[in-house]
Each structure stands twice: as structure tokens, then as C-alpha cells.
Amino acid sequence: MTKHPDPQCPAERVLRTAEFIACKLAELPRVAIILGSGLGNLVDYIEDAIAIDYADIPNWGQSRIAGHSGQLIFGWFDSQPVIAMSGRFHRYEGWTTEQVSFPVRVLAAIGSHTLIVSNAAGGLNPQYRIGDIVVIRDHIDMMHGHPCRRFDYGTYPPQTRSDAPLRGASPYDQALSDRALETARLKNFPAHPGTYLATLGPTYETRAEYRFMRKIGADVVGMSTVPEVLQAQRIGMRVLAMSMVSNIARPDAPLRTDHADVLAAAQIAEPRMRAIVREAVQRSTTS
Ligand code: HPA
């Protein structure tokens, strides 16, 4: 007979972690944001912010890089309560899919029904330029790790069929992505609906791989986002995900991209992504 509560049980860990966070918050945030590239400076626009160090949160991943522990930030963005992850976990750092997507379960457990995610990605589509925004409409998962895989959960709980996403269903919310594209049109900046291909990384691709990815229908390629999005879909959250094009990922383009180029791309993308998030936050609290 299993003794309850079992601290190894994922659901139990989610509840304990959610309790720890929720009692520090003034209000339960309806919108959760993972601050990837392009959204990093959104923290400066969150008012009356309360920051919780990842190192203090039970069951939460700890960064292995000294001084880069990451923080969970609660506050008001455009008068709406939001919670933001400053610092995310990647499969290429050695985290499992379950570990990368665990925070999403916790954020849902404290009341968030909408997840907004951003990332930096290589632009495979020849029409894309550095700094363009891609509103993700679908993805190709070449990480091959669904968060409800039995492998990631060990032996508990048994995987049920109802855990698996509907075949062919997109995890990305159509109304939120339409609104994001509309915001870009109104504000006059380039944003494209596109397909994101996720790799395990940590290396960028060869020319042959870029050619292959383009051929199978990908518009951008990156190393994050999909584990969190699959988790969000599994538990019924609305998802808006976007990429900022940080480099041109084409077989015939010069290959070198350095850190300065990525920072320059982020500078272009930041006000654009912020405008999209503003609209999404308003929409998800009014509908
Ligand atoms: N490939 C994979 N991941 C990336 C890239 C890329 O070209 N750019 C940013 N993240």
C-alpha cells in the first residue's frame, strides 16, 4: 500500500510547491509568462513586483551556474496580476522533460489559465529577417519527449490515454495568436505565423540539417518551449508562444552569429514582444 502524502509523487510535489508560492502572493495571477529571449526586460515593466529566488522554492530546478539562480516574479502588468519566470530550464542543460515542464504545472495550480512563452530561434523561412517576430501556430517536436511519458514520471502515476494530447490538435490558442498578429499589423512591425521546430541542442545545425528542417515545413528552429507548451496543453491552459528571429538559419547564408548579434536582435524584438504580451494579457483577463 502506498503511504500518502508521498513526496515522490509528482502531483504531491506540484501541490506543495504551489502552496509555498501562492501564500506569498497578493492575488492569484491568471496569466503566467516564461521570459525567454525578447521578453527578458519585461520584468522592468512589472509593477509592485515580488521576486522569489528559484533557490528558495521547494522542488524547483536550481541553475547550475553560480549567480544565475533565476527568479519567479509576481506583480502587475498593465494593471493585471501576472507571474513571470525569469530564467527557464533547457533539456540541453541536462534537465528531463518533466523537470523542464514542472513549473508550468505549478503555475496552473496557483490559478494561471494562460501561458505566454518566448524564445530566440533561427529563421529557416527565407522571408524572415533578424528581429522579426514569429507567432507560433504549430510545432515539430524533435526533442521527442512528451511530459506525460511514463519514462519521465518513473512508475507514478500510471499514464492514462486521456493524458495524451488529441492527435492533430494544436496546443496554440488561435484567438491569442490572431490577436498577436493583429497587434503587429496595427503597430506596423513584422510578425509571421509560423511553425517552430524544437531540437535538443546544444549545438546549432549543419547546413544539411537546416535544409532538411525547411523541407519538412519548419519556419524557425530553437532549443526550448515545446516541453512547457505540451505540459500546458495537457492541463488545459491557453498558450501563446512566439520566437524572435536571432539568426538566419539557411544553408546558403553566412553561418556565424555571435552574442552581439543576438543582443541586437533582442533590442529590436523587445518592444514588439511587449506590445503583443500587453494585448494578450488584456484579452485573457477579459475573455
Ligand atoms: N538553431 C537552434 N537553436 C537556435 C538557433 C538556431 O539556429 N538560433 C537560436 N536558437
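These are my notebook entries on a predicted model.

**Entry 1: the nonpolar cores**

I looked up the largest nonpolar core, which has 41 residues. Ile21, Trp60, Leu72, Ile83, Met85 and Leu115 touch the most other members. Helix H2 gives the most to this core, with 5 residues. I also noted a second, separate core of 31 residues, which includes Leu42, Ala191, Ala266 and Val281.

I then listed the contacts of Trp60, leaving aside its neighbours within four places in sequence. Trp60 is in contact with Thr17, Ile21, Tyr54, Leu72, Met85, Phe89, Phe102, Pro103 and Val106. Of these partners, I found Ile21, Leu72 and Met85 again among the core residues that touch the most other members.

**Entry 2: the cavity**

How many cavities of 30 Å³ or more does a search of the whole structure find? The search finds 1. About 40 Å³ of space lies in the largest cavity. I wrote down its lining: Ile34, Met85, Arg88, Phe89, Val100, Pro103, Val104 and Glu228. By class, the lining has 6 nonpolar, no polar and 2 charged residues. Arg88 and Glu228 are charged, because Arg and Glu count as charged. Helix H2 supplies the largest share of the lining, 3 residues.

I went to the loop between strand E4 (80-86) and helix H2 (97-109), where Trp95 lies. Is Trp95 buried or exposed? Its relative accessible area is 8%, so Trp95 is buried, the cut-off being under 20%. I also checked Trp95 against Gly61: they are 34 residues apart in sequence, and their C-alpha atoms are 8.4 Å apart in space.

**Entry 3: Ser101, in H2**

Ser101 is found in helix H2. With a relative accessible area of 0%, Ser101 is buried. Its contacts, leaving aside neighbours within four places in sequence, are Pro147, Pro227, Glu228 and Gln231. The side chains of Ser101 and Gln231 are joined by a polar contact of 3.3 Å.

**Entry 4: helix H6**

Pro227, Glu228 and Gln231 sent me to helix H6, where they are among the buried residues. After H6 comes Gly236, and I noted its positive phi, near 85 degrees.

Methods:
Residues numbered from 1 in each chain as written. Predicted model: local features only at pLDDT ≥ 70, side-chain atom pairs only at ≥ 80, totals over all residues. Heavy atoms only, no water. Helix = DSSP H or I, 4+ residues; strand = E, 2+ residues; numbered from the N terminus. Buried < 20%, exposed > 50% of the residue type's maximum accessible area, 1.4 Å probe, protein only. 1 Å grid on protein atoms, 1.4 Å probe; cavity = no way out; pocket = protein on both sides within 12 Å on 5 of 7 lines; lining within 4 Å. Points joined across faces, edges and corners; volume = space filled by probe spheres on them. Core = buried A, V, L, I, M, F, W, Y, C linked by side-chain atoms within 4.5 Å. Contact = heavy atoms within 4.5 Å. Polar contact = N/O pair within 3.5 Å; in protein donor to acceptor, adjacent residues only side chain to side chain.
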